[in-house]
Amino acid sequence: MANSPALLVLGSAQPPGRLRLALVEAVERARGGGEEIDLLDLAEKRLGFADGRDPAELSDDTAAVLDAISAAEPLIFATPVYRGSMTAALKNLFDQLPVPALAGKVVGLVAMGGSEHHFLGADRHLRDVLAFFGALVLPVSVYLSSADFPDGEPGRRAAESLDELLASAFALARATEGQPLGPAPLAARMIRG
């Protein structure tokens, strides 16, 4: 595992809501169990638009966010479902990440929608994007809906699902530390060649 803490990236550009509350509580429980993990909320950062400029040239948080992601493992990417997929804020982040930032790293996924109807949309799109990087995505993700927040608070099922996802991500990152996971992703070979 990387020397930096694990990172849970919330890809929302909206004010804090139920998903953020559930993630904050999950991070606190993981830290209570001895894990090093931080929460990076894209709503609290200013990221430039992915237009080909070097992130170091931007006068915002882009370079620092990319550095934090590059240094962390495992990583968890969480997104509210927006129009059947991930948010534009999260996609913009992926569009700026260099391939080595995620290549061979353990990644977990969390999505939240208003109902159960869109549970596969964001998951499928995130997996497609992360395959480009050669990330090692956990086979099962967490999907939360309004039903997981009785009285507006994360319920037992939400907490247990997030805790299991984090535990699995940490366990897999430890088990694969320093182990090659196959050839470099095609994206990396194309960039080098």
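**Close-up 1. Strand β3 and its parallel neighbours in the predicted model.** Two strands are taken to pair if DSSP finds at least two bridges between them, and in this predicted model strands β1 and β3 are joined by 4 bridges and run parallel. Within this part of the structure, L8 stands opposite I76 of β3. Strand β3 also pairs in the parallel sense with strand β4, which spans residues 106-112, and here the pairing extends over 6 bridges. One of the residue pairs in this region is formed by P80 and its bridge partner in β4, M112. Strand β3 is mostly covered, with 5 of its 6 residues buried.

**Close-up 2. Helix α3 and the elements that cover its buried residues.** Helix α3 comprises residues 88-96, and its buried residues are L90, N92, L93, F94 and Q96.

Close-up 3. F149 is found in the loop that lies between β6 (142-144) and α5 (156-176). Because its relative accessibility is 5%, F149 counts as buried, the cut-off for that class being under 20%. When residues up to four places away in sequence are not counted, F149 touches R18, L19, A22, M112, L144, P154 and G155; M112, one of these contacts, is also the bridge partner of P80. A56, in contrast, is 93 residues apart from F149 in sequence, and the C-alpha atoms of these two residues are 40 Å apart in space.

**Close-up 4. The largest pocket and its lining.** The largest pocket holds about 210 Å³ of space. Of the 15 residues that line this pocket, those closest to its centre are S12, G17, R18, L19 and P80. R18 and L19 are also among the residues that F149 touches, while P80 is the residue whose bridge partner in β4 is M112. Helix α1, residues 18-32, supplies the largest share of the lining, with 3 residues. Sorted by class, the lining of the largest pocket consists of 7 nonpolar, 5 polar and 3 charged residues.

Notes
Residues are numbered from 1 along each chain as its sequence is written. This is a predicted model: local features need pLDDT of at least 70, side-chain atom pairs count only at pLDDT 80 or more; totals for chains, interfaces and linings use all residues. Side-chain values use heavy atoms; hydrogens and water are left out. Helices (H or I, at least four residues) and strands (E, at least two) are DSSP runs, numbered from the N terminus. Buried means under 20% relative accessible area, exposed over 50%, partly exposed in between (1.4 Å probe, protein chains only). Contact means heavy atoms within 4.5 Å. On a 1 Å grid over the protein atoms alone, a cavity is a set of points where a 1.4 Å probe fits but cannot get out, and a pocket is an open set with protein on both sides within 12 Å along at least five of seven lines; lining residues have an atom within 4 Å of a point. Grid points are joined across faces, edges and corners, and a volume is the space filled by probe spheres set on the points. Ala, Val, Leu, Ile, Met, Phe, Trp, Tyr, Cys and Pro count as nonpolar, Asp, Glu, Lys and Arg as charged, and the others, Gly among them, as polar.
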